[in-house]
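Here are my notes for your reading of this model. Keep the structure open and follow the points in order.

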Amino acid sequence: MTAFMQQIINGLSIGSVYALMAVGYSLVYSIMNFSNFAHGGVIMMGAYIGFFLLTAFKLPFLIAFGLAGVGTGVLALVIERIAYSPLRKRNAPFLYFIISAMGASIFLENIVVATIGPTFKTYPRIFSPEPIAVGNLSIGRLDLIMCVISTISLAALIYVIEKTKVGTAIRATAYSVRASALMGVNTDQIIMIVFGLGGLLGGIAGVLFGMKYTVYPQIGFITMKSFIAAVFGGLGSLPGAVIGSILLGIIETLTSGYISSQYRDLIAFALLIFILIVRPIGLMGKTTEDKA
Amino acid sequence: MRRRIYLIVLAALLVVTLGVAGCTPKPAQENTAGPASAEVVKVGWIGSLTGDQAVWGQCELNTVKMMFEEINAKGGLLGKQVEVIGYDTRGDAAEAVNAVKRLTSQDKVAAIIGPNASGQAIAISSVLEEMKVPDIATVATNPKVTVVDGNVKPFNFRVCFIDPYQGAVAAGYAVDVLNLKKAAILYDVADDYSQGLTEFFEKTFVEKGGEIVAKEAFKSGDVDFRPQLSKIKEANPEIIFMPYFFKEVALSANQARELGINAVLMGGDGWPSDVLIEMAKDAIEGSYIVNHLDFNDPEVQGFKDAYKAKYGLAVELNGYMAYDAVKLLEAAVNKANSVDPITIKDALETSSVKGITGQITISKDTHNPEGKDAAIIKMVNGEYVFQQKYSTK
Amino acid sequence: MNWFYIKGILILSGINLLAVLGLSLLTGFTGLFSFGHAGFMAIGAYTTAVMTIHFHLPFMVALGVGGLAAALASLIIGKLTLNLKGDYFCIATLGLGEAIRLILDNVQYFGGARGWPGIPLHTSLLNVFIIDVVGIVFLAFLIRSRHGRNMIAIREEELASQIIGIDVFKYKMKSLMISALYAGVAGGLYGHYLGFLQPKMFQIIKSTELTIIVIFGGLGSISGSALGAVILTALPEALRSFDKWRLVVYGAAVIFIMISRPQGLMGGYEITPTNIKCFLFRFVKKDKKHQGMGGR
């Protein structure tokens, strides 16, 4: 029983990492209807920015944290301006957006390899690595902190979207870009805000990821998993992304724990495809009418 | 009109790229030869200068260049100056084949050193046989690099010990010296090196009367190993064998300690690096590593210091293997008294030279260095401390 | 430049060309995006190797079997997932590609992750060339047939095609299977060119590379895909000296092409004698607005 509880804790912890990343995918998808593969690159840059602020500039943790978020927010905006906005103006099909995004992620990953180098970097120890022991269970301190920070940032995001005027505009744009433009919403501005928010979340996710594990140019690859989680939960739905991520984390953990760690991804993927067959729009996806 | 402009830009880009492709491209690194001597002998190197193995590949090429500069300063090989040509393979087998084709046909090298991975070393063997140029692999540890189905590959050689040996040494040391009988293995299912070591560790460990209580896998690119480690913890092993590279070692060792696992950790030659200590100093305290040499051996210091002085970096493990590959090649050329690739190949088959990692005596039947002892290293206070030379038969 | 070396690059371009042709049908003409083509290549490569080594089949027959095996795998996965929308289908193919690699990593019969050496070297420039020509001609005829036109219709407007009575699922399935067949044969050639197979060779990055070649050549253009495959395979060889920055330039170039000329190198046009004449003619009479150059 202890082992099972420990595996559930492991699963929650892995799932919460996916969740922070997956929300960025879902946020952009809800408005633009395409998967922003450059998000992995943004997360990676967030981890590096945080790392350099903490080591080279020796900034206090919270300031470094905030600045990394702002940095990636700006980065996401720049990517939007350069790589997507010309396509948007032409009403290009979603395929072109995906490819442009892939180009951006290849670019970001390799510019880091070429300038900073391929070796991985270690964050300075800010929190004690000593876990909190509850009976025979061990809970990482960092996991708890991550949980708190993720919850706060997600709550703030949901507040913005549900309660503010900007949020109303975002929701309207997500519903229909054209109709909200006709109603006087500056959709171009809304899209920029969404990318900025997505980038901000990506930066937070990157710094937390770097602190928990390490920083290296291929971090973007892990975000593939969070993308899967976002699809699983239903692209375009924020609660869906969170639930999908946590579920994926737990499924993966239990598979390695009780079935086979050798075939973990195979089983996880099979389950994913099964769920998509039963429910083709993911767990909580919005029903899009052939928008693509 | 805009479309027309884009078309022109694209056409111009195309012309430029084709132009670059058309003219003879410069090799990545060339001409370490000093004064314009009449006779130059070329030696090739291939390996990863980019990609996830770049750390090791760059160190190898640096070492090879440094060694031949020294040899050139002393008058070269048989009085001929040596030119080193190094090509990147990105860790990709098809690129390795391209690079070897280019080295053997266009650059006409006398011999090739590298690559640093078994997959590439196996893939290039057919090209070597077609062009009749010998290759000395540095850390390609898969047995099939030199011997497939009992037949020795005529042009493939190596200076490192092979997976079965390394796995057996690790298992033998754990059972016979450390007297630990319950082992768990965590390995990378998508990595050839990791699978090789796992297979032979398991085999020897069981043969020697030990028990494998858990065998768990992860996939290259994973960063969280707690699900597997939690399962390993349940099995309560005395020792955990971790045959993979130092990034994953650092992460998994830290996570194992976090989960309250106190078992001794053990690893292979993927471990040694300063970065490992920086990241997981406490977690790997008391662990054992099967290595090619003792880093603190007085005989090693000369090379270590020279490398550091020249490149401002610490030598990675592969540098020592590249050093031995160059030594072996030098010995074979002197023995053959010729720089003809086929004569060098014949001489390599019976060469023996004192390398930095021990005496390298190539066996004619396997093209492997025979009777090379492994060095057992223990982590003590964040230092790599040599324990003993160890071998199993 | 030495012929032996160039020949190697040409064979490799030819193999990539074949895989790209298949993907071109799927992505360029039917509008489906696949992340799993490296997986189909892997199935083809391993099946072909089993056929030549264990069953001693002639190489061409073995290649056919390898291609069919890949097509069969695509049939299964297609049945399950082709009804899914854009991104969901992407994920399914991505999962498939990774799943195939994971299975190959685990199956020790094929050497697992350590790879399978000693595969006979049957691939030559001649047979790659012949297969490529057959592949191009078949695809060109297919595109001009009713089947091809239906696929293009699906790419342009799926809902509308359904309304006018095109069996969307059936044509997507056909497109996916033919595309997997091409990838499978390409995989078989690849294995018998290197003489060695390892699951590592078929990572997601390989699938992405193929997709990028298709885009670079131009969606919906066979000659574009062919040109793109040759150029993008030879380019890294030419750029050996500034290798570290190569992929940086590559990524930037992909974005640049997307925002400046999303139709790629050929942009839906084909190189045929008539079109070449048209093209030259356009330069003689500049002021006259040219009319359709075919293709699309």
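1. Start with one residue pair. In β4 of chain B, B:Asp135 is the bridge partner of B:Ile112. Find both residues before you read on. Keep in mind that this model is predicted.

2. Now widen the view to the two strands. Strand β3 of chain B covers residues 111-113. Strand β4 of chain B covers residues 135-137. The two run parallel, and 2 bridges join them. In general, strands of a sheet pair through backbone hydrogen bonds, in a parallel or an antiparallel way.

3. Which strands make up the sheet, and in what order? The order in chain B is β2-β1-β3-β4-β7. This is an open sheet of 5 strands, and the pairing is parallel. β2 (81-88) and β7 (156-158) of chain B are the edge strands, and each pairs on one side only. On average, neighbouring strands of this sheet are turned by 25 degrees against each other, direction ignored.

4. A helix belongs in this picture too. Helix α2 of chain B, residues 54-73, packs on the sheet. It touches β1 (40-47), β2 and β3 of chain B. The direction of α2 makes about 170 degrees with that of β2(B).

5. Turn to chains A and C. Their contact takes 35 residues from chain A and 34 residues from chain C. On the chain A side, the elements giving two or more residues are α3 (61-89), α4 (94-115), α9 (219-233) and α11 (264-278). α4(A) gives the most, with 14 residues.

6. What classes of residue does chain A bring to its side touching chain C? That side has 28 nonpolar, 5 polar and 2 charged residues.

Definitions and conventions
Residues are numbered from 1 along each chain as its sequence is written. Chains are lettered from A and ligands numbered from 1 in the order in which they are written. This is a predicted model: local features need pLDDT of at least 70, side-chain atom pairs count only at pLDDT 80 or more; totals for chains, interfaces and linings use all residues. Two strands pair if DSSP finds at least two bridges between them. Helices (H or I, at least four residues) and strands (E, at least two) are DSSP runs, numbered from the N terminus. Axes are lines fitted to C-alpha atoms, for helices over the stretch in contact, and angles run from 0 to 180 degrees between N-to-C directions. Two residues are in contact if their C-beta atoms, placed from the backbone, lie within 7 Å. Ala, Val, Leu, Ile, Met, Phe, Trp, Tyr, Cys and Pro count as nonpolar, Asp, Glu, Lys and Arg as charged, and the others, Gly among them, as polar.
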